[in-house]
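Please look over the sequence and the 3D structure shown here. A short report on selected local features accompanies them.

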Amino acid sequence: MLTEVRSLNEECGVFGVWGHHDAARLSYFGLHSLQHRGQEGAGIVANQAGKLKGHRNVGLIAEVFKDEADLQRLEGHAAIGHVRYGTAGSDGINNIQPFLFKFYDEEMALAHNGNLINAKSLRFELEREGAIFHSNSDTEVLMHLIRRSKEATFLDKLKESLNTVKGGFAYLILTPEALIGALDPNGFRPLSIGQMQNGAYILASETCAIDVVGAKFVRQVMPGEIVIIDDSGYRIETYTDETTMSICSMEYIYFARPDSDIAGVNVHTARKNMGRRLAEEAPIEADIVIGVPNSSLSAASGYAEMSGIPYEMGLVKNQYIARTFIQPTQELREQGVRMKLSAVRGVVAGKKVVMVDDSIVRGTTSRRIVKLLKEAGAAEVHVRIASPPLRYPCFYGIDIQTRQELIAANHSVSEIETLIGADSLAYLSQDGLIDSIGLNYDAPYTGLCMAYFNGDFPTSLYDYEAEYLASLEEEPAITKI
């Protein structure tokens, strides 16, 4: 059985630098700005005069490197780092990246954001040939493919291996000679290049990390591209011409930081547009508009602007509480919601409230927030969701891999309205989402992966195909929220 959905769970974040005298420390700062993409573990591998050294552990980046000595010993002019939320592989230090491999003839470190949809079959094939895996993460598959390849150069081995793996991936590879980045043929996961004033180059999952370390954006890595960075600068090569841009729409809706740009579109602007369009599609008479912190605040401000209803801070988030999806049981997740969010009684009491959120996955959090607002005296709570209903799983790097826990896959909008206790409920349309993001790609391709909403997967599902088709035949789940 595939992993149960608990919430919208991030994939991972990667950061790399080449040509900086304190590359590991710079990576530490870059990973801090990507912490929202993974909170289970973190690590950094540095290149010190051609020798690779690493440190990794469970926890947030500040916890992993709370001992200054751990950073000091990672000297070198190049490094890669990773913050992890596990989409494939269990918890534990063996699955925390970057992975560092030392062979008799070469060294390499590897970090991965995404999910391979043929990893299970590839691993079976590789193990039959004698490969030994040290983790149960799909990331390690690429290293074994590289080592198995009969091509003459490392780059050719990498190209052959990238054409063998399928799914969503943004890879960073550190060798003694270069920092290498690679993106899948659909560009599901974002990856960008930056450059610092001293000439050092940056590779990062989001442009916010490039900004935080004082670098300037150079370009986005495009589907099917490999970027090679060394002392001579950077160059771009391709490993396939069979590409179709399909950026994960959830990056704009929820995952990315609002100060990041993806494919030239600012995330905050896209979310604000979603809120404005939602106000046009689902108007309601109300006294105030509030957003669910933090990822929904941009959409809430857009809804308020378009509707003319005042925007207020009706919910306050405790910034020191981990996201509820980290909690392993439903009881603990419920407690997490109570600890991390508080309703502002003086703002919402006696008011008809429009509560704007980015999505509803299982419905637990939405029900709890509606209850919080009504307990604080809200006269009515009208829920507006700045994305379409989530009805289908994701296999490209986000932990939504079964339909059974997706409330919208099993219930109508009116049923969900009743289940979460809202006075009304409305979602943004699929066209509204596409128009709000505004990527300029020719029909029928929007440049976005919309599979969560319409089940139109841009690739074959390989190892997941049979289970996905079986899930479509299953009886709807009885939602208990």
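The text below covers aromatic pairs, charges over rings, and some backbone features.

The model is predicted: local features need pLDDT of at least 70, side-chain atom pairs count only at pLDDT 80 or more, and totals for chains, interfaces and linings use all residues. Residues are numbered from 1 along each chain as its sequence is written, and side-chain values use heavy atoms, with hydrogens and water left out.

**Aromatic rings**

Rings of Phe, Tyr and Trp (its six-membered ring) pair if their centres lie within 6.5 Å; planes under 30 degrees apart count as stacked, over 60 as edge-to-face and the rest as tilted. By this rule there are 13 aromatic pairs. One of them joins Tyr28 and Phe29, which is edge-to-face because the ring centres are 5.7 Å apart and the planes stand at 70 degrees. Another aromatic pair, Phe101 with Phe103, is stacked, at 6.3 Å centre to centre and 10 degrees between the planes. Ring pairs also link Phe395, Phe457, Tyr464 and Tyr468 into a cluster.

Accessibility is sorted by relative accessible area: buried is under 20%, exposed is over 50%, and partly exposed is in between (1.4 Å probe, protein chains only). Tyr28 has 14% relative accessibility, so it counts as buried, while Phe29, at 43%, counts as partly exposed. Phe101 is buried at 9%, and Phe103 is partly exposed at 27%.

**Charges over rings**

A charge sits over a ring if NZ of Lys or CZ of Arg is within 6 Å of the ring centre and within 35 degrees of the ring normal. The table lists two cases.

| Charged residue | Ring | Distance from ring centre |
|---|---|---|
| Arg123 | Phe133 | 4.2 Å |
| Arg403 | Tyr392 | 5.0 Å |

**Backbone**

Helices (H or I, at least four residues) and strands (E, at least two) are DSSP runs, numbered from the N terminus. Gln97 and Pro98 are joined by a cis peptide bond with omega about 0 degrees; Pro98 is in the loop between strand 4 (78–84) and strand 5 (99–102). Pro293 to Asn294 is also a cis peptide bond, with omega near -5 degrees, and Asn294 belongs to the loop between strand 17 (288–291) and helix 10 (297–307).

Ala49 is not a glycine, yet its phi is positive, about 55 degrees. Its place is the loop between strand 2 (41–48) and strand 3 (51–58), and at 78% relative accessibility Ala49 counts as exposed. Ala263 likewise has a positive phi, near 55 degrees. Ala263 lies in the loop between strand 15 (261–262) and strand 16 (265–266) and, at 25% relative accessibility, counts as partly exposed.
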